[in-house]
Every structure is written in structure tokens, then in C-alpha cells.
Amino acid sequence: MSAVGALADALRRRVLSGEIEPGTPLPEQEIAAAYGVARPTVREALAVLVHEGLLRRERNRSAHVAEVTLSDLDDLMFVRRPLEDLMATAVAGRRVPEADAALARMAALPADAPWSDSVAEHMALHEALIEAVGSPRLERLYGALAAETQLGLVRLRQVYEERDVLVREHRELLDAIAEGPAEAARAAVAAHLSHSWGHSQSSANPCGTAP
């Protein structure tokens, strides 16, 4: 991996684990000193994360971690639900091996794995379901929501202290989709996405609370 890629990966993991909180500025000089790399390397790594939507940059200011409000997340779910409803209709009655594989990797994570690893597998699982539809346009629409989805998942790192709950809920979702029919799969997806974004532990769900 290049120095730029390695630095971008390190910063991404810290953002998605919540170690670097929303709104935190990331001055190039400080990052260069902390990681022992040149400022051009930092500049390129930050540009990668800006492109992904995890960071935002304003003219003459340091890049900072994007802030996503609860209102933003509610609106995100408003847009995401119909996209996943289309997925459920198209994929019902099928198993999606890539989604099963992402769930298996999530289940196999060690207890002390950073939350960013769970975020990555969560995203991989849902993206695999969307890709299984075979619609490039649906993939593009869903992909446009990826950054806010990942940042929303950061809110859940304390709600899902036990990864087994996260794994169980997604196993139930994949089983419901695979068993079909379409109406049952759509209902399972709707229920999976119906919870609030971590307002309380009893109402949280990884995908309704954090897509």
C-alpha cells in the first residue's frame, strides 16, 4: 500500500471508530508530525477522505470530520428505505453469497476489534445486497449515501457493545430475504430499517439507526 493509502486508511479507521469526533479539524502539519510523513502525503490522504465524504474542506481552512445531525440521518433513512425496498423485491428468494460472507467476517471479528471493522462489514453486507439486484443505477444511488451511512454507524458503537446482537439481526435479515416471498422480504427490510438512530439502546438497529 502506498504512503497515501496507508495514511488514508489509518485516518478512516479513527474517524469510523469515533476516535476522531465529528467537527474535529485535521491540520496538515499536525498530522504530518504525528505520522512522520510529508505534508504532500497528508494533503493527498485528506483529499481521499474528502472525496469519500468522511471529511469536508472549506477554503483556507483545515479539513474536518463531517458532521451528520439526527435530522440528517432521519432524512437519510427516508431516502434509503425505498432503495432497499426495491432490493428486497428483486432479491427475495435468493441467498447472496457476498452478503453471507460479509456477515461471517463480522461474526469472526475479535472482541477487541475496532468499531470501524464492524462498520466496514456492515457496509459490505448491504452493498452486496444492492449489487445482487444487478441495477447500475440503483448501485449509484445507494453509493451516494455511503459516507453519511458510515458516519451514522459511528453513533452505534456504544449501543452495540456486544457484536453478537448486530450479527444476529443481520442473520435474521438475510434469512428472511432468502426465504421470501417478496412481501415477506420487504416487510423484513422495512422492520430492519424502522428503528431510530441510537436514541436508546432498546430501539436501536444497525440499519435503521445506522443504515
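Confidence in the prediction can be described for the chain and for its elements. The mean pLDDT of the chain is 87, and 89% of its residues reach 70 or more. Among the elements, helix α5 (residues 97-108) has the highest confidence in the chain, at 97, whereas α8 has the lowest, at a mean of 83. A separate stretch, residues 198-206, has pLDDT that stays under 50, and for this stretch the model has 32 contacts beyond four places in sequence.

The largest pocket holds about 220 Å³ of space. This pocket is lined by 14 residues, of which R12, L16, A120, M123 and Q150 are the closest to its centre. Two or more lining residues come from each of α1 (3-16), α6 (115-133) and α8 (146-154), and the greatest contribution is that of α6, with six residues. Sorted by class, the lining of the largest pocket consists of six nonpolar, two polar and six charged residues. One of the contributing helices, α8, is also the element in which confidence is lowest, at a mean of 83.

The largest cavity has a volume of about 40 Å³, and its lining is made up of R94, R95, V96, A99, D100, L129, L174 and I177. The elements that supply two or more residues to this lining are α5 and α9. By class, five of the residues that line the largest cavity are nonpolar, none is polar and three are charged. Helix α5, one of these two elements, is where confidence is highest in the chain, at 97.

The side chain of D117 makes a polar contact with the side chain of R13, at 2.9 Å. When neighbours within four places in sequence are left aside, the residues in contact with D117 are R13 and L109.

A191, by comparison, has its place in helix α10 and is partly exposed, because its relative accessible area is 42% and so lies between the cut-offs of 20% and 50%. The C-alpha atom of A191 is separated by 9.3 Å from that of L173, the two residues being 18 residues apart along the chain.

E30 lies in helix α2 (residues 28-35) and counts as exposed, because its relative accessible area is 56%, which is over the 50% cut-off. E30 and V42, which are 12 residues apart in sequence, are 9.7 Å apart in space when taken C-alpha to C-alpha.

Technical notes
Residues are numbered from 1 along each chain as its sequence is written. This is a predicted model: local features need pLDDT of at least 70, side-chain atom pairs count only at pLDDT 80 or more; totals for chains, interfaces and linings use all residues. Side-chain values use heavy atoms; hydrogens and water are left out. On a 1 Å grid over the protein atoms alone, a cavity is a set of points where a 1.4 Å probe fits but cannot get out, and a pocket is an open set with protein on both sides within 12 Å along at least five of seven lines; lining residues have an atom within 4 Å of a point. Grid points are joined across faces, edges and corners, and a volume is the space filled by probe spheres set on the points. Helices (H or I, at least four residues) and strands (E, at least two) are DSSP runs, numbered from the N terminus. Ala, Val, Leu, Ile, Met, Phe, Trp, Tyr, Cys and Pro count as nonpolar, Asp, Glu, Lys and Arg as charged, and the others, Gly among them, as polar. pLDDT is the predictor's confidence in each residue, from 0 to 100. Contact means heavy atoms within 4.5 Å. A polar contact is a pair of N or O atoms within 3.5 Å; within protein, one must be able to donate a hydrogen and the other to accept it, and residues adjacent in sequence count only if both atoms are side-chain atoms. Buried means under 20% relative accessible area, exposed over 50%, partly exposed in between (1.4 Å probe, protein chains only).
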